[in-house]
Amino acid sequence: MRLLLVSACTFAVYGGAALAQDQQQPANAMEEELSERGVNYARDDSTQDRARNYARDAQRIARRRQDQGEEEDAPLPLGEAVIVDNNRRSGPDN
Amino acid sequence: MRIVLVCLALIGGLALPAPVLADSNSEPVDAFSLREMADFSKQIEQELASRGAYVAMVFRTGRDRSELPGDIRYTHGAFWVYAPVPTLGGGTQYGYAVYNLYHEIDPVTLSGLYQDWPLDFTRGDTVGQVGVIIPNREMQNRILDVIASPYFEALHNPDYSLLSNPADGRFQNCTEFMLDVVSSAIWQTASREQIKVNIEAYFRPTRVQLNPFQRFFAPLADPRLRFDDQRNGIRTATFSSLADFMLAFDLADEDQIFEIDAPYSQAEDIVYLGGEAAATAAD
């Protein structure tokens, strides 16, 4: 299982690098338009592995903060950069 | 196709989105500037973070509301999950990852699960307004447990219908998928059969009024409209029916169900009333 996870991570890193190169042109155009805001691009492809990893990270953070006695509606810190995925799949209604 | 559309016009007009009839699988057209949509996405994130939301259910509409049937107010919903997000510089920032069910471009009758980001979400918005349900802390933790587990994919049915019946397992759309995930979190099961039985018993779906002509012609014009799972009228899950469900079973507080307007929004505000009134007033 550990090997599988390492392999998946390695693949994701390579995949992300390839994707970043593929999307260089539109990324630059978008970055220009959003230059005042600051922009970051997803490093890897939209896979369920990536999605689950984010969710597990979210679990860890939520539990840690709750274990530390965080109040239910305590504000959460938030980054300023906007993250985008150039591989848009969304239609008007889903 | 033109003949079908003419027929629909002759029978009094179909109360379903005109663009759906014209071209169901076109790529979305940005309604606002990229900068505006980026700012709106960050505004939503800031509102969620200020309320301490680790998980929120957020809805937007990709159609002008005048094109939507009945009282339906939003056309897409997704889970927003607070997470550390890697940046290109090798660092990490906190933000929200968005968990969607999208129908495919081709064929449109199949769907997939896709994780993307708040800006990807607001780029599909055409009115500058989103609906939000923040579950209570216990439910947030339970929903997060489902999203982080293989159950999340097990709950997905790739057979897509735009107006799927939430109490029937044959088809699924984005909002029904959210309801299935919430149900899995409530009843601690990944059995879709059991979830559908429970939804039939406890969930009050939104009714969509279609006359027999509309019901016959609509699937001819848009293959995403499949009514095999509907009996005695059209029933589907919406923002308001989900909000009612969350309120009725104390899964969310009333002040955690609200709408967020972009600065450029022209959409009218709807005060969420809760209970039966909201089914007609807030969706």
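## The nonpolar core

In this predicted model, the largest nonpolar core contains 90 residues. The residues with the most contacts inside this core are B:Leu48, B:Phe79, B:Tyr99 and B:Ile133. Helix H7 of chain B, which spans residues 174–187, supplies the largest share of the core, namely eight residues. In soluble globular proteins, nonpolar side chains tend to be buried together.

B:Leu48 illustrates how such a residue is surrounded. Apart from its neighbours within four places in sequence, B:Leu48 is in contact with B:Ala53, B:Ala56, B:Val58, B:Trp80, B:Tyr96, B:Val132 and B:Ile134.

## Covered helices and strands

Helix H5 of chain B (residues 137–147) is mostly covered, with eight of its 11 residues buried. Among them are B:Met139, B:Ile143, B:Leu144 and B:Val146, as well as B:Arg137 and B:Asn141. The buried residues of this helix pack against helix H3 (48–67) of chain A, and also against S1, S2, strand S3 (92–103), helix H6 (151–154) and H7 of chain B.

Strand S4 of chain B (residues 111–116) has six of its six residues buried. Both of its faces are covered: B:Ser111, B:Leu113 and B:Gln115 lie on one side, and B:Gly112, B:Tyr114 and B:Asp116 on the other. Strands S3 and S4 of chain B run antiparallel and are joined by six bridges. B:Leu101 stands opposite B:Leu113 of S4.

## A buried arginine without a salt bridge

B:Arg65 is found in the loop between strand S1 (55–60) and strand S2 (76–86) of chain B. B:Arg65 is buried yet has no salt bridge. The nearest side chain of opposite charge, that of B:Glu259, is 4.4 Å away, whereas a salt bridge requires a distance within 4 Å.

Which side chain makes a polar contact with the side chain of B:Arg65? The partner is B:Gln129, at 2.6 Å. Not counting residues up to four places away in sequence, B:Arg65 touches several residues, including B:Tyr74, B:Val127 and B:Ala267.

B:Pro84 is located in strand S2 of chain B. This proline counts as buried because its relative accessibility is 15%, under the 20% cut-off. Leaving out residues up to four places away in sequence, B:Pro84 touches A:Tyr54, A:Asp57, A:Ala58 and A:Ile61 of chain A, together with B:Thr92, B:Gln93 and B:Tyr94 of chain B.

A salt bridge joins the side chains of B:Glu153 and A:Arg52, with a distance of 2.1 Å from N to O. This pair crosses between chains, from helix H6 of chain B to helix H3 of chain A. B:Glu153 is partly exposed, at 30% relative accessibility, whereas A:Arg52 is buried, at 14%.

## Salt bridges within chain B

Over all chains, the structure holds 17 salt bridges. One of those in chain B links the side chains of B:Lys42 and B:Glu45 at 2.9 Å, N to O. Both residues lie in helix H3 (residues 34–50) of chain B, three residues apart, which is about one turn of the helix. B:Lys42 is buried at 1% relative accessible area, and B:Glu45 is buried at 5%.

B:Lys196 forms a salt bridge with B:Glu176, the closest N and O atoms being 2.7 Å apart. This pair links distant parts of the chain, 20 residues apart: B:Lys196 belongs to helix H8 (residues 192–202) and B:Glu176 to helix H7. Both count as buried, B:Lys196 at 7% relative accessibility and B:Glu176 at 0%. Finally, B:Asp168, B:Arg170, B:Glu200 and B:Arg231 are linked in a network of salt bridges.

Conventions. Residues are numbered from 1 along each chain as its sequence is written. Chains are lettered from A and ligands numbered from 1 in the order in which they are written. This is a predicted model: local features need pLDDT of at least 70, side-chain atom pairs count only at pLDDT 80 or more; totals for chains, interfaces and linings use all residues. Side-chain values use heavy atoms; hydrogens and water are left out. A nonpolar core is a set of buried Ala, Val, Leu, Ile, Met, Phe, Trp, Tyr and Cys residues joined through side-chain atoms within 4.5 Å. Buried means under 20% relative accessible area, exposed over 50%, partly exposed in between (1.4 Å probe, protein chains only). Helices (H or I, at least four residues) and strands (E, at least two) are DSSP runs, numbered from the N terminus. Contact means heavy atoms within 4.5 Å. Lys and Arg count as positive and Asp and Glu as negative; His and the chain ends are not counted. A polar contact is a pair of N or O atoms within 3.5 Å; within protein, one must be able to donate a hydrogen and the other to accept it, and residues adjacent in sequence count only if both atoms are side-chain atoms. Two strands pair if DSSP finds at least two bridges between them.
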